[in-house]
Amino acid sequence: MLIIGERINSTRKLIREAVLRRDAEFIKGEAIRQLQAGAHMLDVNGGVPGQEVELLSWLVNVVQDATDVPLCLDSADPEALRKALPLCRKPAMVNSITEEPVRFQSLLPVVKEYRPKLVALCLSAEGPITGLEDRVATAHRLLDRLTAEGVPLDDIYVDPCVFPIGTGTQHGSSVLESVTQIRMRYPGVHTICGVSNVSFGLPVRKLLNEAFLIMLMSRGMDAAIIDPCEEGVMAEVTAAEALRSRDPDCLGYIKAYRKGLLEPRKA
Amino acid sequence: MSELSILYQSVLEGDAKTAVAVTKEALAAGVDPSVLVTQYMIPAMAEVGQRFECQQYYVPEVLLAARAMKGALELIRPVLAAKGAKPAGKVVIGTVKGDLHDIGKNLVASMLEGAGFEVADLGVDVPPAKFVAELQSRNAGILALSALLTTTMPSMERTIEELKKAGLREKVKVMIGGAPVTQQYADQIGADAYSDNANGAVAAARRFVGAQPRP
């Protein structure tokens with residue numbers, strides 16, 4: 001299970017404040033924390049109006065100063081991506097491309113030139129899609145178009161687009177079922193999502209986030225953007241991997257236990 | 001006839017069925033529809049807004065309450081129209097281009113409608129040109145813009161630019177809102193009002209049309 005740490009996102013107040021004062025130490029701290037918690041990749045978002053081009057590159061440099069893992073560049077701005085992608089020491093991921101005409105047309109050349117991994121987000125030209133059929137149809141169209149343009153299927157991570165269940169009772173099951181259907185049509189395709197969107201507006205978000213992550217894993221999702229520092233979540237990922245038979249002889253689980261990763265830190 | 005306080009309760013609790021039933025009964029009994037709106041439904045929604053602010057109510061409860069009010073308003077609208085009641089003002093509302101968030105925007109739209117405004121809700125991901133076209137075709141005097149991402153806030157500025165280009169800036173009052181939006185940003189882009197809650201949006205709209213502040 002590919003775990004991408006979501007904390008370094010300039011739309012979050014604490015990060016935005018650190019970014020605006022160019023507090024490299026703070027950002028490095030966030031990167032290291034997430035890695036220590038078990039993240040395999042780090043998402044970086046420099047989305048401050050008017051500053052994204054500069055900030056995305058700054059974040060890449062700062063994070064790479066402290067860590068050595070691949071980065072997920074959370075931006076739809078081709079200029080920001082063109083500046084930042086060459087700075088990435090390890091193969092990067094771009095989050096994300098959609099069906100929206102301007103976005104698709106402007107990002108495709110960047111993708112073809114730099115060949116990053118690519119999150120394909122199920123947003124149609126008409127806007128958000130919440131119905132199951134539409135989600136799956138959009139995923140299919142996106143995958144067909146991207147592969148026709150020469151993007152390797154193995155580089156694509158389909159994001160069914162998670163909406164808060166607080167705004168629609170069906171939003172959870174719709175995503176879960178779409179993962180199953182997309183994977184049936186494209187065996188081996190990678191799927192991903194930003195899990196915490198599901199709990200927006202409801203109390204005790206951690207419960208919903210963790211339950212949803214496990215449910216998604218049981219449907220075969222193989223990548224997720226989460227906060228790995230959330231107490232208990234990485235232990236649950238480890239357990240879920242073993243339970244869905246992705247941990248030969250449960251050795252990963254046992255190893256994690258011996259490292260003290262499965263139980264709450266004792267005070 | 002049921003106690004009208006049940007109307008207040010049913011909106012507060014998001015019970016659309018009861019809200020509609022009580023409204024129907026009241027209208028049939030000849031109760032003034034604007035009384036139903038101003039003395040029962042709006043105060044109920046104001047309370048909903050308050051509870052949401054204090055994190056006592058969660059998003060689904062806000063949506064259910066708005067739905068209950070909407071259901072009741074559907075019965076009231078034709079009666080008010082038949083009486084020749086004019087809307088307090090005409091509003092075009094939407095979430096700006098690139099942004100899909102709409103909970104707050106929907107709440108504000110419901111509250112404005114309850115406050116007697118004619119509201120055209122353009123939904124989400126609305127480009128500046130679409131706002132302008134709607135304002136023109138409806139001859140509306142108020143534009144309400146919502147954005148929940150810092151990355152889409154610039155669309156607010158672009159929409160105001162589009163208004164100027166269309167020669168509408170003097171004729172239309174603009175209010176903006178959304179989690180990352182601030183009074184400072186509103187001042188920066190020349191918006192006429194900013195609010196961080198639905199009640200404030202309604203107060204701004206009423207100010208725009210010159211209505212007396214509600215006690």
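Which residues have the most contacts inside the largest nonpolar core? They are A:L42, A:L59, A:V63, A:L73, A:A120 and A:A224, in a core of 74 residues. Helix α3 of chain A (residues 52-66) gives the most to this core, namely seven residues; helices here are DSSP runs of H or I with at least four residues, numbered from the N terminus. A second, separate core has 70 residues, including B:V22, B:A68, B:L112 and B:A191.

The model is predicted, with local features needing pLDDT of at least 70 and side-chain atom pairs counting only at pLDDT 80 or more, while totals for chains, interfaces and linings use all residues. Residues are numbered from 1 along each chain as its sequence is written, and chains are lettered from A in the order in which they are written.

A nonpolar core is a set of buried Ala, Val, Leu, Ile, Met, Phe, Trp, Tyr and Cys residues joined through C-beta atoms within 7 Å, buried meaning that 20 or more other C-beta atoms lie within 10 Å of a residue's own, with C-beta atoms placed from the backbone.

| Domain of chain A | Residues |
|---|---|
| domain 1 | 1-90 |
| domain 2 | 92-222 |
| domain 3 | 231-267 |

The centres of domain 2 and domain 3 of chain A, taken over C-alpha atoms, are 26 Å apart. Four residues of domain 2 of chain A are in contact with five of domain 3 of chain A, contact meaning C-beta atoms, placed from the backbone, within 7 Å.

Between the chains, 13 residues of chain B are in contact with twelve residues of chain A. Helix α4 of chain B (residues 59-82) supplies the largest share of the chain B side, three residues.

Notes: Buried ≥ 20, exposed ≤ 12 C-beta atoms within 10 Å, placed from the backbone. Helix = DSSP H or I, 4+ residues; strand = E, 2+ residues; numbered from the N terminus. Domains from an automatic or database assignment. Contact = placed C-beta atoms within 7 Å.
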